[in-house]
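The following note sets out points for a colleague who is looking at this structure for the first time. Please read the points with the model open.

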Amino acid sequence: MQAIYGEAREFERLAERIGKCSGVLRFSEAHDPETGEARLKLKEAQFCRVRHCPVCQWRRSLMWQARFYQALPGLIEAHTGVRWLFLTLTVRNCPVDDLRATLKALNASWGRLVKRPEFKPVQGWIRTTEVTRGKDGSAHPHFHALLMVPKSYFQGKYYVKQARWVEVWQSCARLNYAPSVDVRAVHPRKGEDGTQAIQQAAAETLKYAVKPADMTTDPEWFMELTRQVHKLRFVATGGALKNVLKEGQESDEELALTDGDGEQDDGGRVGFNWRPADRKYRRYRQADAEPSALIHIKLST
């Protein structure tokens, strides 16, 4: 991806930033009290935060998932007996150079959807945008949404069948064809509890916005995608889930998932750095740090 961006003058700055992304990783070392095995946990890294950087896209997804998981117990307690739906809304593929206009139309369509009577039972929602590349070089934008609904949703007059979702989305998106819509209740798999099932649905909702493979298959397509989605928001929340992800708030520490993990950190660090010739990370002792003597004293007392 760095090489693709480096070929175009307008993206040289992005290529430079990606080239410096997560070059050095610094971990804390913890030992399992039962097995004695050492475990490394990422604590420090410098991320480029380029929108389509695969590393940053992955870390951002993990950060949003962590924020949702942290908020989930409170949501369940405050909204007793809620159920969850996973909803996918699509439209037909468009030429990649029409993607920006299509995405703006999709966002307007969603704005109409949330005002419809069929959406009234939804107590909270998280919606993300994904764009995939068609085999013919077109773009396929679509929405993934996680909806929180009351338990009575499946028993009362507000229940919306899949066929009705198709009709409503067609109307809201002002389409002259029946779009593909997938809606399913979130159920625990065998061996899972309800919370795990919700977390899995959230992970699916908050995955990558663009598949890394689609970015590198066709450089021209990818560069046009970059132009088309510049400064567009791909994540939105509403109702009881509004701001639960804290979109737009990210730092190197948050992307490294060090905030609020509840673990005592003695300041000791184990360093690794990326070796381009080897195409892997290797130990980088210059980035190591000894545990803080002050913290050791505090822990021993």
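Is Tyr5 buried or exposed? Tyr5 counts as buried, at 0% relative accessibility. The model is a predicted one, and the numbered points below should be read with that in mind.

1. Overall description. The protein chain has ten helices and nine strands. Its C-alpha atoms fill a box of roughly 65 × 50 × 30 Å along the principal axes. Of the 301 residues in the protein chain, 44% are buried. The protein chain exposes about 16700 Å², and carbon and sulfur atoms supply 49% of that area. Among contacts between residues at least 6 apart in sequence, 70% join residues at least 24 apart.

2. The pair at Tyr5. There are 13 aromatic pairs in the structure. One of them joins Tyr5 and Phe222 in a tilted arrangement, with 5.0 Å centre to centre and 35° between the planes. Tyr5 belongs to helix α1 (residues 2-6) and Phe222 to helix α8, so this pair ties together parts that lie 217 residues apart in sequence. Phe222 also counts as buried, at 0% relative accessibility.

3. The pair of Trp110 and Trp125. These two rings form an edge-to-face pair, 5.1 Å centre to centre and with 65° between the planes. Trp110 sits in helix α4 and Trp125 in strand β4 (residues 124-133), 15 residues apart, and the pair links distant parts of the chain. Trp110 is buried, with a relative accessible area of 3%, and Trp125 is buried as well, with 13%. Ring pairs also build a cluster from Trp110, Phe119, Trp125, Phe143 and Trp169.

4. The nonpolar core. The largest nonpolar core contains 86 residues, and those with the most contacts inside it are Phe68, Trp84, Leu147, Trp165 and Trp169. Strand β5 gives the most to this core, with seven residues. Residues up to four places away in sequence aside, Trp169 touches Leu89, Thr90, Val91, Leu106, Ser109, Trp110, Leu113, Phe143, Pro179 and Val181.

5. Helix α5. This helix covers residues 162-173, twelve residues in all. From its first C-alpha to its last, α5 reaches 16 Å, close to the 16 Å expected at 1.5 Å a residue. Its buried residues are Trp165, Val166, Val168, Trp169, Cys172 and Ala173. The elements that cover them include β3 (83-90), α4 (99-113), β5 (139-149) and β6 (181-185). Just after α5, Arg174 takes a positive phi of about 55°.

6. Further positive phi values. Ser22 has a phi near 45°, a positive value in a residue other than glycine. Ser22 is found in the loop between α2 (12-19) and β1 (24-31), and is buried, with a relative accessible area of 3%. Lys231 has a phi near 65°, again a positive value in a residue other than glycine. Lys231 is placed in the loop between α8 (219-228) and β7 (235-239). At 72% relative accessibility, Lys231 counts as exposed.

7. Cysteines. How many disulfides does the count give? The count comes to zero. The sulfur of Cys21 is 3.7 Å from the closest cysteine sulfur, that of Cys56, which is too far for a bond, since a disulfide requires the two sulfur atoms to be within 2.5 Å. Cys94 is likewise in no disulfide, and the nearest cysteine sulfur, that of Cys172, is 19 Å away. Cys21 is buried, with a relative accessible area of 10%, and Cys94 is buried, with 7%.

Note on methods:
Residues are numbered from 1 along each chain as its sequence is written. This is a predicted model: local features need pLDDT of at least 70, side-chain atom pairs count only at pLDDT 80 or more; totals for chains, interfaces and linings use all residues. Side-chain values use heavy atoms; hydrogens and water are left out. Buried means under 20% relative accessible area, exposed over 50%, partly exposed in between (1.4 Å probe, protein chains only). Helices (H or I, at least four residues) and strands (E, at least two) are DSSP runs, numbered from the N terminus. The expected span of a helix is 1.5 Å times one less than its number of residues. Contact means heavy atoms within 4.5 Å. A nonpolar core is a set of buried Ala, Val, Leu, Ile, Met, Phe, Trp, Tyr and Cys residues joined through side-chain atoms within 4.5 Å. Accessible areas come from the Shrake-Rupley method with a 1.4 Å probe; for residues, only the protein chains shown count as cover. Rings of Phe, Tyr and Trp (its six-membered ring) pair if their centres lie within 6.5 Å; planes under 30 degrees apart count as stacked, over 60 as edge-to-face and the rest as tilted.
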